[in-house]
Amino acid sequence: MKEFKHFINGEYVPSASGKLFENRSPVDNSLIGNVHEAGEAEVDTAVRAAKAALKGPWGKMTQKQRSEMLYRIADRINERFDEFLDAECLDTGKPRSMASHIDIPRGAANFKEFADSMSHPTEGFRMDTPDGTGALNVGHRTPKGVIAVVSPWNLPLLLMTFKVGPALACGNTVVVKPSEETPATATLLGEVMNECGVPPGVFNVVHGFGPDSAGAFLTTHPLVDAITFTGETRTGEVIMKAAAVGLRNVSMECGGKNAGIVFADCDLEKAVEGTMRSAFVNCGQVCLGTERVYVERPIFDRFLARMKEEVAKLKLGRPEDPEANFGPLVSLEHRAKVKSYYDLAREEGATVEIGGGIPDMGAELNEGAWIEPTIWTGLPEDARAIREEIFGPCCHIRPFDTEDEAIALANDTNYGLACAIWTENSARAIRVAEQMEVGLAWVNSWFLRDLRTSFGGAKHSGLGREGGAHGLEFYSETKNICIKL
Ligand code: NAD
């Protein structure tokens, strides 16, 4: 039985109130362990520790020393790779084959990539003055201060370090509130921080839920200087209201209802392979995932048939099953939500091409959060299953006749996170990509990421951009120093 404590000021501490909540495996609903729930007192201690650490040895380090420390953190995660892998797979139920290629290596790499990309030149302008002597303006970056990192459960380590990496690279300190569903890797990262000599208070973790719990206490804490959040749009709205007090900066990476557009001139097998990944990897629990697929009519039947063939080949199984490439949803609660959309889609007139239900996994696994990968056709565009983010392994496939129609259909959503365009005609690819109302447009690929590029969503999918120089903007304060000559 595991116990997940807070990591505050370099030490593991229990919750002051003694309040615990259960962490259960989505694979079979067995109890993994108990998680300490932070009250206002522990959150306050964590934020104050983070504030104090800004003035300690961390605040005096050079950029190079900090970068070297971030490199050590990445190396140490890789040395303890199997422990991180076990922890992530236990919490999420995802196949080890996936987490060992995506979650853990990319989670570690975030520290190195951002250590490199945060050291940008500052700007400088020489100006004329009426007395003719002139002045120099020099841009100077300082850390923003204490950053609250509120993260989700779908890619727990990866999405958390995507924020912690650049925040630390810029010299900030952090208090992380991981999702209540996935406390393990954030907790383990505390050990790594200590092993790498990161000063106490620089990295802190508080566990708990959102409203009236650690998430709310953290985001309303007056000593938090900025908040970076990944999660649902409606949670983002609540956090933005909290951030308004004291005019704290926010970075919001929220939900999506992403489209795939498959033109008749695509490489069909590439499009099928890419759409399979974008709709079904991580059991469909990827913010960038494709839940709406628009296919040009001449290849519609062939594309649909190939997708069904591939879905039928997905192998559901335990994380450690080397053959398995499809795990359960993260929790029974989330399965109830996804299943309610499966039922709704039927009521709204969908043809269930494949899936649509809860699979029989046998006595050992039937208590887990398993769900069938699902493809629908025939839904009207105003169906709720088309308009609302489901965040499960499902997509609706619909034909289109013209490029303009495909663009209009894809953009007809409140969300604006990502899209994937499949065509071998590069002029069309660029033309369509330029018209998509999204933060991330992929052509003949999906989830291909260079961490120097911008990341974030348009419309209800987010606010602000992270990644590379964009992260630098968010995680540091720019001061102009004007020197009269
Ligand atoms: P969620 O919004 O329910 O929770 C995210 C985090 O916010 C959790 O740590 C939660 O405890 C915390 N939280 C909830 N209410 C809060 C409150 N009132 N105050 C402070 N904190 C609060 O999201 P989730 O279910 O964990 O994750 C799935 C969602 O995340 C999906 O909508 C998905 O699209 C989105 N997501 C977006 C991206 C992106 O980069 N745009 C990436 C991954 C996931």
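Let me begin with a term: a UniProt annotation is quoted here in the numbering used for this chain, and it may be inferred rather than shown by experiment. With that understood, the unreviewed UniProt entry carries the annotation "domain: Aldehyde dehydrogenase" over residues 12–481. Please bear in mind that the model is predicted.

The domain assignment, by contrast, divides the chain into two parts. Domain 1 comprises 2–254 + 461–484, and domain 2 comprises 258–450. Their centres, taken over C-alpha atoms, are separated by 31 Å. To the contact, domain 1 contributes 24 residues and domain 2 contributes 33 residues.

How much area do domain 1 and domain 2 bury between them? The value is about 2,200 Å², with 58% of it on carbon and sulfur atoms. On the domain 1 side, the residues that lose the most area to domain 2 are Val-27, Trp-153 and Ser-461, and together they make up 25% of what that side buries.

I turn now to polar interactions. Between domain 1 and domain 2 the count of salt bridges is 0. The rule for polar contacts, however, finds 8 residue pairs across this interface, both residues at pLDDT 80 or more. On the side of domain 1 that touches domain 2, helix H4 (81–92) and helix H5 (96–99) each supply at least two residues. The residues of that side comprise 9 nonpolar, 7 polar and 8 charged.

Thank you; I welcome your comments.

Key: Residues are numbered from 1 along each chain as its sequence is written. This is a predicted model: local features need pLDDT of at least 70, side-chain atom pairs count only at pLDDT 80 or more; totals for chains, interfaces and linings use all residues. Side-chain values use heavy atoms; hydrogens and water are left out. Domain bounds come from an automatic or database domain assignment. Contact means heavy atoms within 4.5 Å. Buried area is the accessible area (1.4 Å probe) that two parts lose on being put together, summed over both. A salt bridge is a side-chain nitrogen of Lys or Arg within 4 Å of a carboxyl oxygen of Asp or Glu. A polar contact is a pair of N or O atoms within 3.5 Å; within protein, one must be able to donate a hydrogen and the other to accept it, and residues adjacent in sequence count only if both atoms are side-chain atoms. Helices (H or I, at least four residues) and strands (E, at least two) are DSSP runs, numbered from the N terminus. Ala, Val, Leu, Ile, Met, Phe, Trp, Tyr, Cys and Pro count as nonpolar, Asp, Glu, Lys and Arg as charged, and the others, Gly among them, as polar.
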